[in-house]
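This briefing covers strand pairing, a helix contact and a pocket. The chain is shown first, and the notes follow by topic.

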Amino acid sequence: MRYRMRLAAAATSGLALLAGCGLTSGSPLVDDVRPGSVGKGEPLKGASITVTSKEFTEQLVLGAMMGIAFKAAGADVLDRTGIQGSVGAREAIKSGDADAMYEYTGTAWITYLGNSDPIPDPQKQWQAVHDADLKNGITWLPPSALNNTYALAMNQANFKKYGTKTLSDVAALSKSNPGAVTLCVESEFANRADGLPGMEKAYGMKIPAGNITQMDSGIIYTQANKGSCTFGEVYTTDGRIKAMNLKTMADDRHFFPNYNAAPEINTKSLKKYPKMAEVLDPITKKLDNTVAQELNAKVDVDGQDPHDVAKDWLVKEGFVKE
């Protein structure tokens, strides 16, 4: 399940976590790791750092990467990853209950900072978020190429049948053969301005309500794979896209926001432990959609533990040593 943009649910769960015990839980990271290409000289020795994340697969993997890297650099790390909802994790960083997490630029720009129009250029989107969030006591480190945004995807049989490659092609198909365009989407995507309604407007689509089925995100992938719906709403870094050999439609009018993952750090914490930035920077630079799909698939398809997946990747890439 993805909780990246569930405003109402996230707000409720976030407040509940802040008021209750959600942010007081957590466990010390006990991984026996040493510096590799990051953390040489243990620049964080003596630091006490709390790492958090949201609860979906990619966030758990990214949160584990961050914590393990800090641990290798000498820090004592408290693991508070897996907070339900975007707002709970965000508020933990903002309040200082947690020090660091990987967050998405589009989520911050639209959900937290209240803007309605995304910025098409990824770097300018990051810069705008960076500048706006400084007043909230949050510092954004440079972003990765990992862009976990929305897409429509179809199975190979339907791709061969209809030949659509872009959302403009989907729009054309919806006019020439309205019955061919059936969608499986999450309820949130079906109602968000930066989801289905906005996409239809941007591309001149008009999809009948009877052609749209709302369901949980995990089911969407299986239904699109079966061909029960022609197109399914997916996330571009989800490992099931590759595992199921789904074909994604290019957003040729650049409608969907950029959701580039970047470290989001409590500013006071960063001033206290400035070496966090140099530890994370090489790791962030290595992250892209291919890496994310591969690692997410190890969890969602192969059933591996997110923490183990993160650690194995850091070791394989030489960032840390066991």
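Two strands count as paired if DSSP finds at least two bridges between them. By that criterion, strand 3 (residues 48-54) and strand 4 (residues 76-83) pair through six bridges and run parallel; within this pairing, the bridge partner of Val51 is Asp79 in strand 4. The model is predicted.

**Strand 4 and its other partner**
- Strand 4 is also joined to strand 1 (residues 27-28), by two bridges, and these two strands run antiparallel.
- Opposite Pro28 stands Leu78 of strand 4.

- Five strands form an open sheet with mixed pairing, in the order 9-8-10-7-11.
- Its edges are strand 9 (212-214) and strand 11 (247-248), each of which pairs on one side only.
- Strand 11 is joined to strand 7 (residues 150-154) by two bridges, and the two run antiparallel.
- Met154 has Lys247 of strand 11 opposite.
- Helix 10 (residues 217-226) packs on this sheet, where it touches strand 7, strand 8 (183-185) and strand 10 (231-235).
- The direction of helix 10 makes about 140 degrees with that of strand 10.

**Helix 2 against helix 14**
- Helix 2 (residues 57-72) and helix 14 (residues 289-300) have axes that come within 9 Å and cross at roughly 110 degrees.
- Angles of 65 to 115 degrees count as roughly perpendicular, so helix 2 is roughly perpendicular to helix 14.
- On the helix 2 side, the contact is made by Thr57, Glu58, Val61 and Met65.
- On the helix 14 side, Ala292, Leu295, Asn296, Val299 and Asp300 make the contact.
- By class, the residues of this contact are five nonpolar, two polar and two charged.

**The largest pocket**
- The volume of the largest pocket is about 250 Å³.
- Its lining consists of 17 residues.
- Thr149, Asp251, His254, Phe256 and Asn258 are the lining residues that lie nearest the centre of the pocket.
- The lining divides into ten nonpolar, six polar and one charged residues.

Conventions. Residues numbered from 1 in each chain as written. Predicted model: local features only at pLDDT ≥ 70, side-chain atom pairs only at ≥ 80, totals over all residues. Heavy atoms only, no water. Axes fitted to C-alpha atoms, helices over the stretch in contact; angles between N-to-C directions. Helix = DSSP H or I, 4+ residues; strand = E, 2+ residues; numbered from the N terminus. Parallel < 35°, antiparallel > 145°, perpendicular 65-115°, else oblique. Contact = heavy atoms within 4.5 Å. Nonpolar A, V, L, I, M, F, W, Y, C, P; charged D, E, K, R; others polar. 1 Å grid on protein atoms, 1.4 Å probe; cavity = no way out; pocket = protein on both sides within 12 Å on 5 of 7 lines; lining within 4 Å. Points joined across faces, edges and corners; volume = space filled by probe spheres on them.
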